[in-house]
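Please look at the structure shown here with charged side chains in mind.

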Amino acid sequence: MSYTLRYFFLFCLTFLFATHVNSQNTPTDYDQYLIKRDSLLTLDSLLYFDADVTLSSEEKILNKQLKHLQGKMLAHYKANHFFPPARNFYQSKEHIESTTLFRFINKMPKGGILHLHIGAIGDADWVLHKAWDTPEMYVYWSDDNRNVKGAFQAFKKEDAPQGFVQVHQLINEQPETYQEMRSLLVFEEEMNADSVDIWKEFELIFARIDMFINYAPIYEDYLVHGLQLLAEDNIQHAELRGPFLDVFYDLDNKPGSLGIEAHAETYERIYKRITSIDPDFTFKIIHCSLRFEDRTTIWNEMEKVYAYRQQYPELIKGFDMVAEEDAGYSTLYHAKEYLRLDSLERQYDVDLPLYLHDGESNWPSESNLYDALLLDTKRIGHGFNLFRFPALVELVKQRDVPMEINPLSNQILGYIRDLRNHPASTYLRRGINCTINSDDPLIFDYHGLSYDFWSVFLAWELDLASLKKLARNSIEYSVLEEDEKVEALRVWEERWGDFIEEVVEGFSF
């Protein structure tokens with residue numbers, strides 16, 4: 001339902017509601033009170049983001065079963081004073097996996113994932129086994145602070161610097177180091193302790209894995225594995241955030257010397273391999289720069305990315321800046337560079353839409369969302385502090401700017417402890433379109449989107465219409481071209497129909 005049409009209906013219902021109110025604006029009897037209450041509920045429901053979803057007869061049957069299951073689960077959690085979406089994720093993970101709801105969510109066709117960092121896709125155990133099986137892969141295994149302990153990098157044996165140890169040798173001789181290395185790549189329960197600088201630990205993990213990922217002989221296998229995990233969770237499209245720059249290296253070539261062509265050719269091979277697993281799987285790249293870089297560095301990167309988009313327009317689809325928002329430069333600081341992008345658009349005859357990380361902050365004074373919207377971002381990454389800015393809420397609704405919500409990431413990183421209080425619940429009820437994403441699942445030690453969907457289904461008391469709309473949004477608001485969207489929606493609708501039929505006929509609630 002369009003923004004204008006939605007408010008036309010809202011106006012009509014408000015008028016009808018007003019005619020039921022007596023001059024003292026109080027109910028005359030209980031029956032009238034209930035009528036007015038139902039009218040208010042109807043008014044609210046017309047504002048919901050999924051108000052335009054119509055369920056089939058089969059979906060209505062399934063929704064009834066699903067809401068019954070949800071009701072039983074919520075009653076159980078209330079009685080036991082234990083609600084997983086309000087607790088440390090790592091205390092609840094095994095419980096989540098054991099539930100009927102998780103099996104249901106896992107089967108559900110989820111559409112796409114629109115907020116996912118290349119440096120944290122996949123699985124830590126896969127990374128460690130790959131490092132173990134790669135003779136030239138070394139790890140910095142010293143506590144002298146000259147480098148980050150646990151940082152991987154490939155070397156010829158004679159070139160390995162002091163402090164770097166061959167991974168294969170280290171694990172073979174000291175098997176206990178495998179688990180220690182793993183603990184340096186993922187978050188665990190104790191990461192939520194108040195004494196932990198969680199963003200510092202977060203960035204250290206990226207530093208550890210960076211040269212592992214960018215080692216040319218490994219990158220392809222790494223990304224194919226990560227995409228395969230998405231496909232196994234019934235995800236058909238991925239938008240990957242990472243640097244589309246000449247960053248690969250091998251034993252004979254340092255980073256920046258293999259050429260961007262090698263980078264692009266790797267993606268071509270990745271596409272062939274992932275479509276051999278799921279012929280309908282698609283992925284695109286949103287280039288990311290780091291928000292703590294200075295203006296000159298960012299502008300130089302923008303120029304490169306425009307040139308690369310001209311060469312590879314089917315692959316590179318947008319621009320973003322990432323890193324801790326509270327610590328890095330503001331979006332306003334870089335606004336002058338953004339405002340000059342039209343010159344690069346004319347020079348290279350291509351656009352480079354913005355998909356900005358903003359609003360990932362608990363501070364009331366963090367105002368990056370003003371700049372994101374003024375700069376015409378096509379989506380907002382995180383955006384959970386949008387609720388603080390009433391004018392921006394209305395602007396987001398009017399422009400239909402979708403929010404890339406990352407529920408478990410926001411919880412694990414300490415922004416929102418209880419997902420019942422996540423502002424996105426309110427966004428959905430106010431008609432703001434959202435998608436569900438996992439942000440950095442390798443670091444958070446889980447795969448896919450099922451854990452995030454499970455958590456918000458309970459915390460926000462969603463229903464089948466909400467799940468359907470969230471999944472569909474991830475295709476409709478993707479960077480796919482219109483003809484690609486039509487095909488992706490066709491695939492998703494077919495899979496959704498098969499899913500509904502399978503669940504209605506044979507799923508045990």
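E301 is buried (under 20% relative accessible area, with exposed meaning over 50% and partly exposed in between, for a 1.4 Å probe and protein chains only), and yet E301 has no salt bridge, a term that stands for a side-chain nitrogen of Lys or Arg within 4 Å of a carboxyl oxygen of Asp or Glu. The nearest side chain of opposite charge is K304, 7.0 Å away, where Lys and Arg count as positive and Asp and Glu as negative, while His and the chain ends are not counted. E301 lies in helix α12, and helices (H or I, at least four residues) and strands (E, at least two) are DSSP runs numbered from the N terminus. Leaving aside neighbours within four places in sequence, E301 is in contact with L245, H287, C288 and S289, contact meaning heavy atoms within 4.5 Å.

This is a predicted model, in which local features need pLDDT of at least 70 and side-chain atom pairs count only at pLDDT 80 or more, whereas totals for chains, interfaces and linings use all residues. Residues are numbered from 1 along each chain as its sequence is written, and side-chain values use heavy atoms, with hydrogens and water left out.

How many salt bridges does a search of the whole structure find? The search finds 34, and one of them joins R309 and D351, whose side chains meet at 2.8 Å, N to O. Because R309 lies in helix α12 (residues 295–311) and D351 in the loop between α14 (341–348) and β8 (355–358), this pair ties together parts that are 42 residues apart in sequence. R309 is buried, at 8% relative accessibility, whereas D351 is partly exposed, at 35%.

A salt bridge also forms between K317 and E481, with the closest N and O atoms 2.9 Å apart. K317 belongs to strand β7 (residues 316–322) and E481 to the loop between α21 (464–476) and α22, so the pair ties together parts that are 164 residues apart in sequence. Here K317 is buried, with a relative accessible area of 4%, while E481 counts as partly exposed at 36%.

In the salt bridge between R495 and D280, the closest N and O atoms are 3.5 Å apart. The pair links distant parts of the chain, 215 residues apart, with R495 in helix α22 (residues 482–506) and D280 in the loop between α11 (260–277) and β6 (282–290). R495 is partly exposed, at 27%, and D280 is likewise partly exposed, at 31%.

Finally, salt bridges can join into a network, as they do for K130, E220, D221, R269 and R273.
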